[in-house]
Amino acid sequence: MRTLTLLLILTLTYTTILPQTSQHPNDESCLTHLFQSFKPNTNLKSTTFSNPCSDFTSNIPGATCNNGRIYKLSLQNLNLVGPISPFISNCTNLQSLDLSNNTITGTIPVDFKYLVNLAVLNLSSNHINGNIPPELANCNYLNVIDLHGNVLSGNIPFQLGSLVRLNVFDVSYNKLSGVIPESVGRKFNVSSFVGNKGLYGYPLSSTRKSAGSLSVVAIVCVGLGSGLLSLVFSFSVVCVWLRLSDAKRENEQQGKARELMPDY
Ligand SMILES: *[C@@H]1O[C@H](CO)[C@@H](O)[C@H](O)[C@H]1NC(C)=O
Ligand SMILES: *[C@@H]1O[C@H](CO)[C@@H](O)[C@H](O)[C@H]1NC(C)=O
Ligand SMILES: *[C@@H]1O[C@H](CO)[C@@H](O)[C@H](O)[C@H]1NC(C)=O
Ligand SMILES: *[C@@H]1O[C@H](CO)[C@@H](O)[C@H](O)[C@H]1NC(C)=O
């Protein structure tokens, strides 16, 4: 009876503490889905994904194996077009993922949270949109997060401040906004954050643009603009009126002159 209770407690602890590792690791599924989500690409032609790590080196270009599992995937500069499949999370031993300098679209899948061994994530120079998922903070070994040169929007999640191993963090040249979380801002310099119009706070010098002063400027502009417009309008009205009355006077004078002229 006691062993049964212990077993029950153990199972409960296991399932509640470690829900993330309950994913079934499957490199073949990971790669098949990943490459299917990209448009057909001459750089990846005639690649089969079964048993990707049957050898010491993988038959997949850019993939490196260790102990029969893919641990590194370097697919930069390949003209890849399309979104990142959430099945990337099936590559559970992945430590380094480089998809930089392609035309990757869509969002960063939250499923990245299952890649608990991930240390290097380079998605820079793509067309990735949406938010930076706070769930990335789940990947405790993250050392490098390079997301520069995309169209990411929203705030920088404060949760990323809890990544104690994070050495390189680059979100420059996106469309991020809001205040830089103190936990992230104090660890990195300006070059990590530049090129995001709506972003403010340390280490960027800019402060939040006050909505009040902005609307005052807008009101003044609209006021000046409409003032100028009505001025131009009244001026043209006066001009036209003057012209018309001039023409009328001329007509009348011509008429009078004709009256005075003798008929032949
Ligand atoms: C593979 O990843 C997808 C997306 O995260 C998930 O739904 C699926 O359960 C995973 N498959 C396996 C076999 O773990
Ligand atoms: C990006 O990839 C293109 C080819 O797709 C290549 O010509 C260019 O040099 C690459 N840029 C960098 C910075 O590696
Ligand atoms: C990420 O990839 C880009 C382009 O391939 C490269 O220039 C950059 O140095 C990489 N980032 C890091 C932190 O290694
Ligand atoms: C920012 O820090 C990086 C290293 O993390 C360094 O290479 C770079 O020169 C620094 N840039 C500025 C503007 O201080």
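Student: How many bridges join β4 to strand β6, and how do the two run?
Tutor: Three bridges join β4 to β6 (residues 120-122), and the two strands run parallel. Strands here are DSSP runs of E with at least two residues, helices are runs of H or I with at least four, and both are numbered from the N terminus. Two strands pair if DSSP finds at least two bridges between them.

Student: Before going on, what should I know about the model and the numbering?
Tutor: The model is predicted, so local features need pLDDT of at least 70 and side-chain atom pairs count only at pLDDT 80 or more, while totals for chains, interfaces and linings use all residues. Residues are numbered from 1 along each chain as its sequence is written, chains are lettered from A and ligands numbered from 1 in the order in which they are written, and side-chain values use heavy atoms, with hydrogens and water left out.

Student: Which residue stands opposite leucine 97 in β6?
Tutor: Leucine 121 in β6. β2 and β4 (residues 96-98) pair in the parallel sense over three bridges.

Student: What is the strand order in that sheet?
Tutor: The order is β1-β2-β4-β6-β7-β9, six strands in an open sheet with mixed pairing. β1 and β9 (168-170) stand at the edges with a single partner strand each, so one side of each has no neighbour in the sheet. Neighbouring strands are turned by 15 degrees against each other on average, direction ignored. For that angle, axes are lines fitted to C-alpha atoms, for helices over the stretch in contact, and angles run from 0 to 180 degrees between N-to-C directions.

Student: In which sense do β1 and β2 pair, parallel or antiparallel?
Tutor: Antiparallel, over four bridges between β1 (residues 63-66) and β2 (residues 69-74). They form a hairpin with two residues between them, and asparagine 67 in the turn has a positive phi of about 55 degrees. Alanine 63 stands opposite leucine 73 in β2.

Student: There is a cysteine in β1. Is cysteine 65 buried or exposed?
Tutor: Cysteine 65, in strand β1, counts as buried because its relative accessibility is 13%. The classes are buried under 20% relative accessible area, exposed over 50% and partly exposed in between, with a 1.4 Å probe and protein chains only.

Student: Ligands next. Which residues are around ligand 3?
Tutor: Ser100, Asn122, Ser124, Val144, Asp146 and Val168. A residue belongs there if one of its heavy atoms lies within 4 Å of the ligand. The shell divides into two nonpolar, three polar and one charged. In that scheme Ala, Val, Leu, Ile, Met, Phe, Trp, Tyr, Cys and Pro are nonpolar, Asp, Glu, Lys and Arg are charged, and the others, Gly among them, are polar.

Student: What are the polar distances to the ligand 3 oxygen atoms?
Tutor: A polar side-chain atom of asparagine 122 lies 2.4 Å from an oxygen atom of ligand 3. For serine 100 the distance is 2.8 Å, and for an N or O atom in the side chain of serine 124 it is 3.5 Å. The protein covers 52% of the 360 Å² of accessible area that ligand 3 has on its own. A polar contact is a pair of N or O atoms within 3.5 Å; within protein, one must be able to donate a hydrogen and the other to accept it, and residues adjacent in sequence count only if both atoms are side-chain atoms. Areas come from the Shrake-Rupley method with a 1.4 Å probe; for residues, only the protein chains shown count as cover.

Student: Where does asparagine 101 lie?
Tutor: In the loop between β4 and β5 (103-105).

Student: Last one: which peptide bond is cis?
Tutor: The bond from tyrosine 202 to proline 203 is cis, with omega near 5 degrees. Proline 203 lies in the loop between β11 (198-200) and α4 (211-260).
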